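Colleague: I'd like to see what stands behind the terms we use for this model. Please set each value against its definition as we go.

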Amino acid sequence: MGPILSTSGLRSGYGTGDVLRNVSIEVNPGEIVGVLGRNGMGKSTLMRTAIGLLPARSGKVVFEGEDITRESADLRARRGIGYVPQGREIFPHLTVLENLQIGRLVNARRGRYTLDEVYQWFPFLRERERQRGGTLSGGQQEMLAIARALVNGPSLLLLDEPSDGVQPSIVQEIGAFIVDLVARRAIAVLLVEQNIDLIQTAVHRAYVLEKGSVVANLESDDIRDTERLTEFLSV
């Protein structure tokens, strides 16, 4: 079986400037692959290009063996790519339940998980399903955003900085959840992150981006080496 997601020679950016330069990565089924690097190195741009919110200027994006480089974000979501952006972007004035229901509309026929299953992952969401999303804490909003992305049963989950603005105890919960999810379900995860504890808890291997290019490939031993990780993340 080949990679669930691969990019080759990927170039994209904003306006007249390139942010990604010749980026080639692979994510295999059942893997949690990290994308590491300092701020402004192209990590979020890679995620936005992978989901189709930002067009590729050259190169390819292949998902489950099919070239999706020119497909729109909604078509990619229907294929089975879930995306949680940095900052979560839930609907703050809608309830928890309404946020989940909107997530399910992406492709109701694909959905493999019932709301009851989602509530088993994050029990507090059931307790607060009538509460507006914007009144939840940052960590709770992150969990809601993850649940919204998962409700259709994607085969690939793109997570952009899930620790951003989240208290350490909730970051630990998110890390444990990601590991458990991949162990129990047929899903792969591409994770942009700068929190060393979360990286070391969840990530199997990682790519390091610098100035829009892949400059290192880290295996499990490298990821456990805190000093080496810090070199790639420190300002």
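Colleague: How far apart are Arg78 and Asp74 in helix α2?

Modeller: They are four residues apart, so about one helical turn separates them. A helix here is a DSSP run of H or I with at least four residues, a strand is a run of E with at least two, and both are numbered from the N terminus. Bear in mind that this is a predicted model: local features need pLDDT of at least 70, side-chain atom pairs count only at pLDDT 80 or more, and totals for chains, interfaces and linings use all residues. Residues are numbered from 1 along each chain as its sequence is written, and side-chain values use heavy atoms, with hydrogens and water left out.

Colleague: Why is the pair Arg78 and Asp74 called a salt bridge?

Modeller: The term asks for a side-chain nitrogen of Lys or Arg within 4 Å of a carboxyl oxygen of Asp or Glu. The closest N and O atoms of Arg78 and Asp74 are 3.0 Å apart, so the pair qualifies.

Colleague: What makes Arg78 and Asp74 partly exposed?

Modeller: Buried means under 20% relative accessible area, exposed means over 50%, and partly exposed is in between (1.4 Å probe, protein chains only). Arg78 is at 39% and Asp74 is at 39%, so both count as partly exposed.

Colleague: Which parts does the salt bridge between Arg79 and Glu66 tie together?

Modeller: With its closest N and O atoms 3.2 Å apart, that pair joins helix α2 (residues 73–79) to strand β5 (residues 66–67), parts that are 13 residues apart in sequence.

Colleague: And how do you know that Arg38 and Glu210 form a salt bridge?

Modeller: Their closest N and O atoms are 4.0 Å apart, and that value meets the definition. Arg38 sits in the loop between β3 and α1 (43–51) and Glu210 in strand β9, 172 residues apart. The structure holds 12 salt bridges.

Colleague: Is Ser155 buried or exposed?

Modeller: Its relative accessibility is 8%, so Ser155 counts as buried. This residue lies in the loop between α6 (138–150) and β7 (156–160).

Colleague: What makes Ser155 and Glu64 a polar contact?

Modeller: A polar contact is a pair of N or O atoms within 3.5 Å; within protein, one must be able to donate a hydrogen and the other to accept it, and residues adjacent in sequence count only if both atoms are side-chain atoms. The side chains of Ser155 and Glu64 make theirs at 3.0 Å.
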